[in-house]
Amino acid sequence: MSKLLVRGGNIADAVHREKYIADILVVDGKIAAIGKDLPADDAEIIDATGLNVYPGMVEAHGHIGLDGWAMGYEGDDYNEMNEPVCPQLRAIDSINPLDESIEEACKGGVTTVCTGPGSANVLGGTFACFKTTGKCIDDMCIKPEAAMKCAFGENPKRCHRTNGISTRMTTASKLREMLFKAREYAEKIDAANGDITKMPAFDMKLNALLPVIRKEMPLKAHAHQANDLLTAVRIAKEFGIKMTLEHVTEGALIVDELVRAGLFCAVGPTDGNPTKIELRHKTWTTPGILNKAGIHVSIITDSPVSMQSQLRFCAAMAVEAGMDPFEAFKAITINPAEHIGVADRVGSLEVGKDADFILTDGCLYSLQTKILATYIDGKRC
């Protein structure tokens with residue numbers, strides 16, 4: 001049994017709005033207790049007096065490990081360009097855990113990421129959720145298949161114009177076609193009731209979509225423009241499936257519609273100039289506007305569009321643009337953990353959760369603040 005006691009830190013737990021001074025007892029990589037004057041027993045002691053203790057930050061959407069450090073067009077592994085519909089692909093089969101950008105993310109206090117295929121394809125495959133330390137992705141994963149990526153808007157049109165897509169209508173129709181087929185495939189499997197002679201012929205693409213049709217896995221819908229967001233919502237309703245909205249650049253233009261939809265929204269990346277038409281309304285005010293309306297908001301870097309280690313500064317920019325500081329903090333911790341379905345383990349400092357935390361010498365949002373140490377599962381990285 002391994003024990004670690006973080007003594008007297010100023011704790012921001014992503015649950016309570018105000019910080020408080022307390023000890024954190026870690027036993028075998030889990031938070032066993034939070035309180036004052038906890039007994040040290042035989043625990044290793046970290047004196048956190050005068051330091052801030054934050055939960056490890058969580059990224060709800062990026063491509064780290066697939067498109068990262070020193071990767072050019074020939075090196076990236078996050079978009080399959082040979083066909084527009086490929087739900088059978090899995091990020092876990094391409095992620096490079098030794099990519100230096102993962103180490104940099106950890107140093108920057110980001111301890112959990114959800115990463116996967118890019119937005120070139122109508123259906124691109126599954127995202128994986130993993131911790132930012134280790135050498136074997138199988139050991140690093142919390143969820144090897146966390147969500148199924150789909151995409152709307154400019155990217156599928158641009159990337160697959162020679163593969164049969166030239167309009168938004170075609171993108172939507174191809175997604176619908178696959179969902180119809182997957183639903184029928186699931187119905188046939190259920191009707192067979194285990195009788196192999198009655199089972200439908202195996203189809204790898206449709207098989208990959210079964211968790212989506214059965215509401216066991218959400219569609220992770222890339223959509224920037226307002227009409228694309230509404231198309232995504234429309235399709236989710238049509239098929240009664242789970243969905244999260246990713247990027248949501250024009251979300252502030254359709255706030256009421258997004259409130260009615262009730263879907264989790266991951267907003268970003270927001271820094272830099274608009275590089276295409278659907279980004280023309282990109283602004284740091286969007287996370288705060290959506291949050292004030294009651295929408296569940298996560299802030300994302302879309303790494304490597306923005307460096308993963310800069311996630312905290314993306315939240316700081318949202319605060320500068322009017323977002324409540326505590327809500328912005330939640331948008332890089334517990335909200336993304338909920339967004340990707342791992343909030344039972346990460347995203348806040350609570351008893352029973354993984355001991356993923358960071359120690360800083362100041363406010364997380366400040367450029368002057370240094371992240372002094374990052375711990376994952378109670379071990380310093």
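Cysteine 159 is partly exposed, with a relative accessible area of 22%; buried means under 20% relative accessible area, exposed over 50%, and partly exposed in between, with a 1.4 Å probe and protein chains only. The model is predicted, so local features need pLDDT of at least 70 and side-chain atom pairs count only at pLDDT 80 or more, while totals for chains, interfaces and linings use all residues. Residues are numbered from 1 along each chain as its sequence is written, and side-chain values use heavy atoms, with hydrogens and water left out.

A disulfide is a covalent bond between the sulfur atoms of two cysteines. Here the term is applied to a pair of cysteine sulfur atoms within 2.5 Å, and a search of the whole structure finds 0 disulfides. Cysteine 159 is in no disulfide, and the nearest cysteine sulfur, that of cysteine 86, is 11 Å away. Cysteine 129 is buried, because its relative accessibility is 0%. Its sulfur lies 5.3 Å from the closest cysteine sulfur, that of cysteine 114, which is too far for a bond.

The next topic is helix α9. Helices (H or I, at least four residues) and strands (E, at least two) are DSSP runs, numbered from the N terminus. Helix α9 spans residues 311-320 and is mostly covered, with 7 of its 10 residues buried. These buried residues are Leu311, Arg312, Phe313, Cys314, Ala315, Ala316 and Ala318. They pack against β6 (57-62), β7 (110-115), α8 (285-292), β13 (297-299), α10 (325-330) and β15 (371-376), where contact means heavy atoms within 4.5 Å. Just after α9, glycine 322 takes a positive phi of about 120 degrees.

Asparagine 335 is placed in helix α11, residues 334-339. This asparagine 335 is buried, with a relative accessible area of 8%. Leaving aside residues up to four places away in sequence, asparagine 335 touches His296, Val297, Ser298 and Lys330. The side chain of asparagine 335 reaches the backbone oxygen of valine 297 at 2.8 Å.

Two packed helices are described by the angle between their axes and the distance between the axes. Axes are lines fitted to C-alpha atoms, for helices over the stretch in contact, and angles run from 0 to 180 degrees between N-to-C directions. The axes of helix α4 (residues 168-192) and helix α6 (residues 226-239) come within 11 Å and cross at roughly 20 degrees. Therefore α4 is roughly parallel to α6; angles under 35 degrees count as roughly parallel, over 145 as roughly antiparallel, 65 to 115 as roughly perpendicular and the rest as oblique. On the α4 side, the residues making the contact include Arg168, Leu175 and Phe180, and on the α6 side they include Asn227, Ile235 and Phe239.

Some backbone features remain. The peptide bond from glycine 268 to proline 269 is cis, with omega near 0 degrees, and proline 269 lies in the loop between β12 (265-267) and α8. A cis peptide bond also joins serine 303 and proline 304, with omega about 15 degrees; proline 304 lies in the loop between β13 and α9.

Lysine 215 has a phi near 65 degrees and lies in the loop between α5 (204-213) and β10 (219-223). At 46% relative accessibility, lysine 215 is partly exposed. Histidine 247 has a positive phi of about 90 degrees and is found in strand β11, residues 243-247. Histidine 247 is buried, with a relative accessible area of 3%.

How values were computed. A polar contact is a pair of N or O atoms within 3.5 Å; within protein, one must be able to donate a hydrogen and the other to accept it, and residues adjacent in sequence count only if both atoms are side-chain atoms.
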